Amino acid sequence: MYSLQWKQMLVRLDMLTAEVNKPDLWEDPVHAGKISREQGSLLGKVKEVTSFEQDLCEHIDMLKLAREENDSELESVRTHLFWHVQAGAGGTESNDWASIVMQMYKSWAQRRSYRVSVVDEMPGDIAGIKRETIKVDGEYAFGYAKAEVGVHRLVRISPFDSAKRRHTSFAAIAVIPILKDVSSRVQIKESDLRIDRYRSGGAGGQSVNTTDSAVRITHIPTGITATCQNERSQHQNKASAMAVLQSRIDQLEMARQAQMNAHHTESLTDISWGNPIRTYVLHPYRMVKDLRTNYEISDPDSVLDSDLDGFIISFLSSSLDKDDGDLSR
C-alpha cells in the first residue's frame, strides 16, 4: 500500500512539475498558485523521505561495519535504553497526561517489535502516574527515542474538572542509553551508595510483592537515585536499579565531557517547564506541533495512538541538516 502511495506521489509530482514549467501558467494566477503550492508540498515530502532513507542506509552501513570490525562503539547504534516519563506540576491532571505519554511510547516501541519492560513506576494518587521508567531493547532504539527528549505540553478540557475548564499539563521525557562498553562506564564505589528497601506498591492481585522487596539506590556524591519494584525478588530489583543508576551516572559524565547538559542531563528537574518541545492541543482546536521543527498534524488521536514517526523523522532530518551546516562552516 505504501509503495503504491509513494509511486502515485511521484507521478503526481511529475505532472505538477510539467504544469509549473508551462510558459502560460501564470495567465491564471489562482490556478498557478494552487499548482505551485501543491508542488512545493510534495517536493517537501519527497525530500523528507529521501533524507530519512539516506540516513537510515548510512546507519545500516555503520552497523555492518561495526559487526565486521567488532567495533562495540559503532554497534551501539542498536543499543538498549531507559525511557523515563515524569509528570509535571498539576496533580491528577498532569499524572494522567504522563500516563498517556508513557502508553504512547510503549505502543510505538511495541509496534516496531522492540522489547519493553517496566523498571519502575510510581502511580498517581487518583489517576495516572507520577513517574515511570521502562527499558527498551531494539535496533536503533536510542537513535529514534532521543527525538522525544524534553517537555511535552497538553492543552485539553480536563476530564477531572467538573466545570469543564481547559487545562494545560506537562510531562518531561528523558532517554538514557545503556552502554555496553565496560571501559566507557564510570566506576561506582560501593561506599558511595545508600540502599533503601521498602514495600512494593501495586494495584493488587497475585503478582503484588508482600515483602519489602522494592529497592532505591542513591549515589551519594551526585545525589542520583534509581528505583525498581517490578521484579520478582529483592535481588533482581537491586540489579535493575543498579543498571539504571549506572546508566544515569555514565550519561552525566558524557554530558559533562561534551558540555551538552541540556540534552543529556540525568535529572528531569533541570528541564525547563517553560520551554516544551511539543504541544498537543485537543481544545479549542486539534493539533500536535513540534516547536523545534514546526512539523505539525491535525490528528492528535493518531499521534497518541503511537504514530510518532513523522515527528521523529522530521527531528532527525533537521538535526542532520544542522550537522551538515556546521561542517560546511
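Strands β9 (residues 278–281) and β10 (residues 287–290) run antiparallel to each other, paired over four bridges. Keep in mind that this is a predicted model. The pair belongs to an open sheet of eight strands, and two residues of the pair turn up again among the contacts of valine 303.

**The sheet**
- Reading across, the strand order is β2-β3-β1-β5-β4-β9-β10-β11, and the pairing is mixed.
- β2 (115–123) and β11 (296–297) are the edge strands, so to speak the two ends of the row, each with pairing on one side only.
- As a general point, strands of a sheet pair through backbone hydrogen bonds, in either a parallel or an antiparallel way.

**Around valine 303**
- Valine 303 sits in helix α8 (residues 300–304).
- Its relative accessible area is 0%, so valine 303 counts as buried, the cut-off being under 20%.
- Setting aside neighbours within four places in sequence, valine 303 contacts both Tyr280 and Val288, along with Met104, Ile297, Leu308 and Phe311.
- Valine 303 and tryptophan 108 are 195 residues apart along the chain, yet their C-alpha atoms are separated by 9.5 Å.

**Around aspartate 96**
- Helix α4 (residues 92–111) is where you'll find aspartate 96.
- Aspartate 96 is buried too, because its relative accessible area of 15% falls under the 20% cut-off.
- Not counting residues up to four places away in sequence, aspartate 96 touches Ala127, Gly128, Arg156 and Phe160.

Note on methods. Residues are numbered from 1 along each chain as its sequence is written. This is a predicted model: local features need pLDDT of at least 70, side-chain atom pairs count only at pLDDT 80 or more; totals for chains, interfaces and linings use all residues. Side-chain values use heavy atoms; hydrogens and water are left out. Two strands pair if DSSP finds at least two bridges between them. Buried means under 20% relative accessible area, exposed over 50%, partly exposed in between (1.4 Å probe, protein chains only). Contact means heavy atoms within 4.5 Å.
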